[in-house]
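Thanks for coming. I have one model to go through today, and I will keep it short. Please have a look at it first.

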Amino acid sequence: MSSNAIYTSLLRPPVLHILRAAGFHATKPAVLDTLVDLTARYLFLLASISAVHAQENHNDLTLTVTDVRMALQDVGALWPQKTAMEEDLMGEEDVRGVDNFVNWMVGEEHREIRRVAGLIENEVPLPSIDEPAGREDFLIALKRKHNKTGESSRFQGTIMGVTTEEKPIRIEGGPIELLQDWGKRLRKTSMKENTPPSQEPSSAPTSSTGSPLTPI
């Protein structure tokens with residue numbers, strides 16, 4: 001199974017949960033595939049814009065809350081929202097869009113989706129015939145179903161498990177021992193090659209106007 005097929009399969013249950021919370025009890029496969037594709041495209045767009053803001057704000061791809069907030073604003077999820085120029089003219093930051101988004105996430109409009117997902121404490125989840133009642137999402141149940149031994153290390157390093165720690169790769173037979181150090185050296189060399197040479201002052205003495213040149 002390709003990576004795209006895995007991501008699509010993992011995204012299908014949340015979309016079904018949202019439809020279930022909205023009151024739908026059935027849907028055609030073509031309609032479900034369309035909604036899953038639209039959800040995937042929206043998440044990919046949001047992630048791409050967040051990465052662009054992260055690169056512009058702090059020159060790396062480690063996302064922060066500010067990067068995601070700016071991406072949500074770009075895709076129109078935060079409304080109403082003034083532009084940066086309007087905020088500079090008013091002298092204050094417009095947080096109405098952020099407040100409305102937070103109120104929607106924790107408010108009554110989103111309550112049914114959170115109940116189906118098991119995110120509301122002290123509330124009985126929807127009954128299920130196949131699985132016992134409890135605060136457990138579909139991904140944990142799926143991992144338990146395919147892992148009879150109960151060891152979480154089986155999924156380590158995969159999209160369904162914990163990310164493995166990066167170990168340094170050593171290089172033998174050279175002055176540089178680690179592959180990371182070699183990459184840093186290449187980046188420094190590339191930066192030096194792309195830097196234009198500076199105009200250094202000439203050390204030769206300048207002759208005054210009209211002075212004869214001394215033959216060598």
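**Overview and local features**

Of the 216 residues in the protein, 16% are buried, where buried means under 20% relative accessible area, exposed means over 50%, and partly exposed is in between, with a 1.4 Å probe and protein chains only. A word on the source: this is a predicted model, in which local features need pLDDT of at least 70, side-chain atom pairs count only at pLDDT 80 or more, and totals for chains, interfaces and linings use all residues. Residues are numbered from 1 along each chain as its sequence is written, and side-chain values use heavy atoms, with hydrogens and water left out.

What is the protein built from? It has eight helices and zero strands, in the order α-α-α-α-α-α-α-α from the N terminus on. Helices here are DSSP runs of H or I with at least four residues, strands are runs of E with at least two, and numbering starts at the N terminus.

Next, contacts, meaning heavy atoms within 4.5 Å. Taking those between residues at least 6 apart in sequence, 25% join residues at least 24 apart. The protein exposes about 18,000 Å², and carbon and sulfur atoms supply 58% of that. Accessible areas come from the Shrake-Rupley method with a 1.4 Å probe; for residues, only the protein chains shown count as cover.

Now the backbone. Most residues other than glycine have a negative phi, and most peptide bonds are trans. Asparagine 59 has a positive phi, near 60°, and sits in the loop between α2 (29–58) and α3. Asparagine 59 counts as exposed because its relative accessibility is 59%. The peptide bond from tryptophan 79 to proline 80 is cis, with omega near -5°. Proline 80 is in the loop between α3 (65–74) and α4 (84–90).

Last, the surface patches. Patches are made of residues with over 30% relative accessible area and no salt bridge, joining like charges within 9 Å and nonpolar side chains (Val, Leu, Ile, Met, Phe, Trp, Tyr) within 5 Å. A salt bridge is a side-chain nitrogen of Lys or Arg within 4 Å of a carboxyl oxygen of Asp or Glu.

Which residues form the nonpolar patch? They are Val102, Trp104, Met105 and Val106, with about 350 Å² of accessible area together. Valine 102 is in helix α5 (residues 96–106) and counts as partly exposed, because its relative accessibility is 41%.

The positive patch is Lys184, Arg187, Lys188 and Lys192. Lys and Arg count as positive, Asp and Glu as negative, and His and the chain ends are not counted; each charge is placed at NZ of Lys, CZ of Arg, CG of Asp or CD of Glu. Arginine 187 belongs to helix α8 (residues 179–194) and, at 51% relative accessibility, counts as exposed.
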